[in-house]
Amino acid sequence: MTVPTARTITISHRRRILAGLALAALAGVALLTAGLVASRSAQREETARRLGIVRVQALAQSLDRAGIEGDAARDLVRRWAASDPSLHSIRVIALSGISLEASTAPDDAGARAAPRRLEREEKPLYDQGQRIRAAAETNREEGVARKTEIEIVGGEGPDGRLEIAAPLEREGVVGGMVAATTAKPPTGPRRGIALDVALAVVLPFLLFWIASRGIGERRGPLLATAAALLAIAISFLGVRAVGTLAEERRAGEAAVAQAAETEAARAARLLAETAADWAALGVTPTTGTPITTAAIDVDVYRRPYGGAAAGTPGAAARVARDAGETARAVRRVAIGIGLLALALLAFVGLGAAARFGATLRRHREAYLYVLPAMLGMFVLVFFPFIYGVALSFTDATLFNTDKSIPEIWVGLRNYGEILGDFAIVKQTESGAVVNYLNFYWTLFNTVLWTVANVSIGVSVGLFLALILNTRGLRLRPIYRVLLILPWAMPNYITALIWRGMFHQQFGVVNQVIQIFGGEPISWFDRWSTSFLTALATNGWLSFPFMMVVSLGALQSIPSDLFEAARMDGASRWQQFRSITLPSLQPALIPAIILSVIWTFNMFNIIYLVTQGEPGSSTEILITQSYKYAFERYRYGYAAAYSTVIFMILLVYGYWQNRVTRATEGIA
Amino acid sequence: MRTIRGFTLAGAACLAAALFLLLAPAAARAQKEIVLWHAYRGEEKAALEEVVARYNAANAAKGIKITTLPIPYDAFADRITAAVPRGKGPDLFIYAQDRLGGWIEAGNTIEPIDFYLDQPTRDRFLPTTLQAMTYQGNVYGLPLNFKVITMIYNKKLVSKPPTTSAELVATAKRLTNAKAGRFGLAYSYADFYYHAILMNAFGGGVFDAQRRPQLDSPANVKSFQLLMKWFGTDRILPAEPSTALITSLFNDGKAAIVFSGPWFLGEVAKGVDYGLAPLPTLTEADGAPMRPWMTVEGVFVAAPSKNKDAAYDVAKYLTDLSAAKTMAVRGRQTPSNLKVYEDPQVSADPVLQAFRDQVEVAIPMPNLAEMTLVWSPATTAMNTIVKKSATIPAALAEAQAKVVEGIQRLRGGK
């Protein structure tokens with residue numbers, strides 16, 4: 001079967017680049033438009049939420065002054081529902097009595113009229129009230145805005161109704177909650193973007209078609225023209241997007257300012273009416289301080305929205321600042337999309353896409369066979385890895401598991417904290433002290449641990465393998481089994497036994513030292529002795545693996561090499577250096593690479609034998625990462641730590657590979 | 001031919017059996033099933049199953065049935081964390097209250113039960129145990145039983161248990177011979193959980209009333225000074241006290257007095273005649289008693305459960321008088337139910353009575369999520385103090401700094 005080479009050569013650059021430009025323009029514009037539509041609807045939703053909060057918060061502020069319980073409160077709610085028909089199903093809950101104090105919900109009439117105790121099906125409402133109370137108290141105690149104090153649900157779909165619940169306070173203590181449902185907000189005027197989108201797609205295509213007639217078949221200029229046209233189209237769309245978003249934001253802000261004024265006026269009027277009515281009967285609800293827009297236009301943490309509520313002096317600055325941020329964000333996204341589109345243009349225009357398609361077609365059976373394994377690898381290896389790396393760029397902790405990744409994005413801050421912290425030594429009153437939680441100390445410890453362990457493992461393993469390889473050794477199988485046992489037994493148990501053996505008062509090791517007349521050592525008191533305990537344990541555990549590898553390699557060396565060397569008069573040591581060691585290299589090098597990677601990440605021994613004592617000084621990188629994740633609950637930071645470990649091992653693996661390939665040639 | 005017919009017959013039989021199994025329980029499914037997870041073994045498990053059987057018998061007519069599932073203790077907390085928020089967990093589970101804060105903050109794990117809780121039910125329990133089940137003002141579970149540290153002594157060596165710390169030191173000194181490996185007092189003093197008995201006595205502790213850490217408070221410093229006096233000056237304590245060491249010393253008759261909890265009693269050898277007494281009062285703290293942390297095991301309703309009302313009724317049943325009596329007599333637990341201690345069978349048991357007396361002065365262990373960050377710096381501080389590689393105020397100040405930083409990172413906020 002001949003490859004149709006003639007056909008590929010005659011497809012003109014012009015046509016290919018034209019196709020590439022069309023595809024890239026379509027893709028780029030589609031992505032940008034999707035982003036714009038999403039941003040616009042997000043902005044609209046935010047405005048709808050603000051309007052909802054303004055209405056409910058005005059009612060909440062009035063109830064704070066009129067009281068949560070009692071007929072005055074019920075009267076106020078009734079008047080409010082009559083005055084503002086857009087608020088449905090207003091319900092006021094009092095926490096201490098588990099009671100429904102006031103309600104305009106159509107169901108709560110007759111026998112079920114307020115005030116009454118809440119029924120079992122209404123438990124979620126009561127729990128919501130308690131949740132809001134706990135949130136308000138936590139935020140006040142901790143001094144941070146961590147838990148939402150106003151809960152909003154809904155807003156999606158054609159319904160667009162919001163269910164809003166806000167706390168009710170008396171003298172700084174949250175005693176109840178008001179919950180209401182708002183009607184669908186009116187949709188403001190929309191500026192059509194269809195025209196802009198169409199222009200951005202069609203114009204570059206047309207202009208390029210015209211220009212290319214003049215340029216001919218020269219690939220370079222064709223590509224340059226296409227790229228320029230694409231960039232102009234995307235920038236144009238980006239600018240229009242910024243304009244649309246800014247306009248809608250201004251309209252939204254104006255609407256909220258208007259609503260806040262209306263609601264504040266309504267609150268003042270209705271409070272005065274209620275007070276007047278009840279004063280006549282001798283009951284005076286407090287009117288308190290007047291209700292300001294800053295108290296009504298709040299975010300979900302009950303702070304003035306964005307630091308400055310609508311209609312207040314700081315609002316204009318806030319709007320300008322937000323507009324600037326949006327412009328910057330759109331610019332970043334547009335540049336990103338533009339680069340992607342340019343890449344797509346190059347991919348198709350330079351013929352790479354055609355070649356890729358041909359390869360797929362030619363080898364499609366092979367790709368089909370590999371597909372299940374690729375899927376499995378993706379789900380089990382690549383996806384968790386990518387998720388971990390994504391997590392490392394966030395500030396994920398136990399307390400914000402409900403937030404999505406973009407909300408808690410902190411970029412490279414975690415990496416900066418890990419790699420940029422050079423304060424290894426601190427000055428305290430008792431002199432210079434090493435900061436054992438520092439990354440570089442832990443790295444030093446890990447490297448030292450790895451080097452020491454691998455050296456011990458290799459030397460002891462090789463030594464024993466040489467002994468076992470003696471010709472005519474009796475009971476060799478028994479020795480082999482005994483020497484493999486340390487590796488075969490579960491290292492969890494043996495680690496704990498070794499830890500017990502190093503006990504200061506009752507451990508075997510100290511008893512032996514005392515028999516020889518020495519002083520018992522408190523092994524876990526100093527970094528050096530603590531390190532030695534872990535080293536001894538892991539040395540004991542790791543030599544069997546090296547021994548087995550070396551034994552296998554030794555047995556494959558042909559014995560006539562040694563015969564020849566002996567006849568030439570070489571000493572045992574010369575034989576070892578010139579014959580044995582080079583022959584062991586192909587087997588030992590991979591074993592050493594494996595052993596380095598295993599030992600670098602040897603969690604069990606450090607965690608069980610020394611537990612990082614004394615004072616986290618013998619921690620290795622992996623145990624430190626574990627403690628950050630599961631003891632300090634800082635998932636993002638621990639993910640960054642793990643990614644750094646991965647990078648270190650990747651660099652090591654790559655370097656090791658290159659070095660050993662260079663030495664493979666020696667026979 | 002024979003084999004083909006054989007296979008066909010076998011296949012038909014399997015199909016029939018499968019259909020039968022699938023269709024038959026459809027009738028039985030009209031029953032409501034409440035799933036209860038627990039980590040009990042041995043006698044405790046048998047006692048719980050007896051209580052559950054009684055409930056099932058009494059409620060068979062209503063069609064409510066409890067199904068228990070024992071899960072190994074080591075894996076229990078992780079399973080709850082992983083399975084329950086995703087809706088794959090039980091309706092109810094029994095566990096200690098120290099993880100409560102973490103689970104509540106993670107969300108969708110435990111259901112608050114203030115709505116169901118009425119005054120008579122509240123009055124059933126020892127007030128401090130109900131407090132242990134409370135987080136940020138809401139009650140999240142019903143307390144089932146409690147565990148506290150008390151004084152366990154060898155009756156052969158100690159005829160009259162000491163009631164004050166002065167008496168304790170005198171008695172212990174008499175019985176200590178370090179060279180022979182004998183010690184008057186042995187307890188895991190290097191474990192922060194055990195050191196709490198001294199901290200709380202002096203009025204210190206981990207968190208103050210506003211949930212802020214106070215590891216370096218003067219009261220805590222005094223508690224460490226007392227410990228170092230016992231270890232360094234009076235020399236009545238062994239070095240590097242692991243639980244295995246304490247157990248073996250007590251069983252060999254080489255430790256006269258041990259501070260430990262009900263988990264220790266199961267490890268005591270048969271020949272040792274032991275007695276229990278309340279922890280002594282501290283003369284150094286103006287006669288204040290040593291206050292251990294109590295670990296309260298509670299029954300929690302899972303938030304995604306579809307039968308919350310029924311699950312709460314089960315929880316109420318598991319903590320009422322008759323169930324408490326079974327758990328006490330057969331399961332050897334110390335229930336949180338107050339009235340059960342008036343029952344003659346329970347009041348005749350010296351072990352249960354001793355723990356009941358001790359719990360009067362016990363403080364619930366903090367159930368905040370931030371508590372897990374405290375263990376590591378606190379243990380480091382304890383080790384440095386005991387090995388004398390730092391002064392007490394310096395070690396505690398460093399632990400405090402680490403905890404404060406950890407909490408700030410955890411809470412984040414805008």
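**Entry 1: a cluster of rings.** I began in chain A, where Phe422(A), Phe439(A), Tyr440(A), Tyr628(A), Tyr637(A) and Tyr641(A) make up one aromatic cluster. A reminder to myself: this is a predicted model.

**Entry 2: the overall count.** How many aromatic pairs does the structure hold over all chains? I noted 46. Phe393(A) sits in the loop between α10 (364-392) and α11 (413-419) of chain A, while Tyr415(A) belongs to helix α11, so the pair ties together parts 22 residues apart in sequence.

Are these two buried or partly exposed? Phe393(A) is partly exposed, at 22% relative accessible area. Tyr415(A) counts as buried, with 14% relative accessibility.

**Entry 3: over to chain B.** Here I looked up Phe250(B) and Phe264(B), an edge-to-face pair with 5.5 Å from centre to centre and 65° between the planes. Phe250(B) is in helix α11 (residues 243-251) and Phe264(B) in helix α12 (residues 262-265) of chain B, so this pair ties together parts that are 14 residues apart in sequence. Phe250(B) is buried at 0% relative accessibility, and Phe264(B) is buried too, with a relative accessible area of 5%.

**Entry 4: charges over rings.** Which residue lies over the face of Tyr305(A)? I found Arg50(A) there, 3.9 Å from the ring centre.

Terms used
Residues are numbered from 1 along each chain as its sequence is written. Chains are lettered from A and ligands numbered from 1 in the order in which they are written. This is a predicted model: local features need pLDDT of at least 70, side-chain atom pairs count only at pLDDT 80 or more; totals for chains, interfaces and linings use all residues. Side-chain values use heavy atoms; hydrogens and water are left out. Rings of Phe, Tyr and Trp (its six-membered ring) pair if their centres lie within 6.5 Å; planes under 30 degrees apart count as stacked, over 60 as edge-to-face and the rest as tilted. Helices (H or I, at least four residues) and strands (E, at least two) are DSSP runs, numbered from the N terminus. Buried means under 20% relative accessible area, exposed over 50%, partly exposed in between (1.4 Å probe, protein chains only). A charge sits over a ring if NZ of Lys or CZ of Arg is within 6 Å of the ring centre and within 35 degrees of the ring normal.
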